[in-house]
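Here are some notes to read alongside the structure. Keep the viewer open and look for each feature as you go.

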Amino acid sequence: MNSRDIIIQTSRFFLRPLKVSDATEKYLGWMKEDSIAKYITAAADTQSLASLEAYILEKSTKEDCLFLGIFDKDSDQHIGNIKYEPICFTKKEAVMGVLLGDSCWRGKNVFNEIFLASQQWLLDTYSIRSIMLGVDRSNTAAIRAYEKAGFSIYLDSDTDNSSALKMVFRS
């Protein structure tokens, strides 16, 4: 997927593909913050700027991955990321992960705004109709945000982790 020229606008934010230059000490700090790291799978593997740069580079070159930074329009500050990976173009579905790193923006309806805009872009561009995610059952704030955006709990008999909850959004 050539996503280098993508810019998705919302009323408060713009989303664009992450670049290696977006690997900053601030971003790295998000990955080390206990309240975030326990919910982000990649946090354990990104403990240095070099590993964070490598992670961004790896994701930016994958055909089945859309890895976008979330930027505040007023300040151009990088406040988080949304990632769709893998994207299955034949089944018209994707798996999503999100990181709202800047604590100042938590609880301000950021997810709903950026998810709906990026989901609409995926629908318009690739006809992606189903978005899935996994969330820790104890992360009640995230579950509420996902439900508010239209996700529902997806019951699956092969769940191997009792602390994980699968959710799905269908358009």
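1. Start with the overall count: the protein has five helices and eight strands. Please keep in mind that this is a predicted model. Read from the N terminus, the elements follow the order β-β-α-α-α-β-β-β-α-β-α-β-β.

2. Of the 171 residues in the protein, 43% are buried. The accessible surface amounts to about 8900 Å², and carbon and sulfur atoms provide 51% of that surface.

3. Now the contacts along the chain.

4. Most peptide bonds are trans, and most residues other than glycine have a negative phi. Have a look at the bond from Glu85 to Pro86: this peptide bond is cis, and its omega is near -5 degrees. Pro86 sits in strand 4, which covers residues 78-88.

5. Where is Asp76? Asp76 lies in the loop between strand 3 (66-72) and strand 4. Its phi is positive, near 65 degrees, although Asp76 is not a glycine. Is Asp76 buried or exposed? With a relative accessibility of 52%, Asp76 counts as exposed, because the cut-off for exposed is over 50%.

6. Finally, find Lys92 in the loop between strand 4 and strand 5 (93-100). Lys92 is another residue other than glycine with a positive phi, here about 60 degrees. Its relative accessibility is 33%, so Lys92 counts as partly exposed.

How values were computed. Residues are numbered from 1 along each chain as its sequence is written. This is a predicted model: local features need pLDDT of at least 70, side-chain atom pairs count only at pLDDT 80 or more; totals for chains, interfaces and linings use all residues. Side-chain values use heavy atoms; hydrogens and water are left out. Helices (H or I, at least four residues) and strands (E, at least two) are DSSP runs, numbered from the N terminus. Buried means under 20% relative accessible area, exposed over 50%, partly exposed in between (1.4 Å probe, protein chains only). Accessible areas come from the Shrake-Rupley method with a 1.4 Å probe; for residues, only the protein chains shown count as cover.
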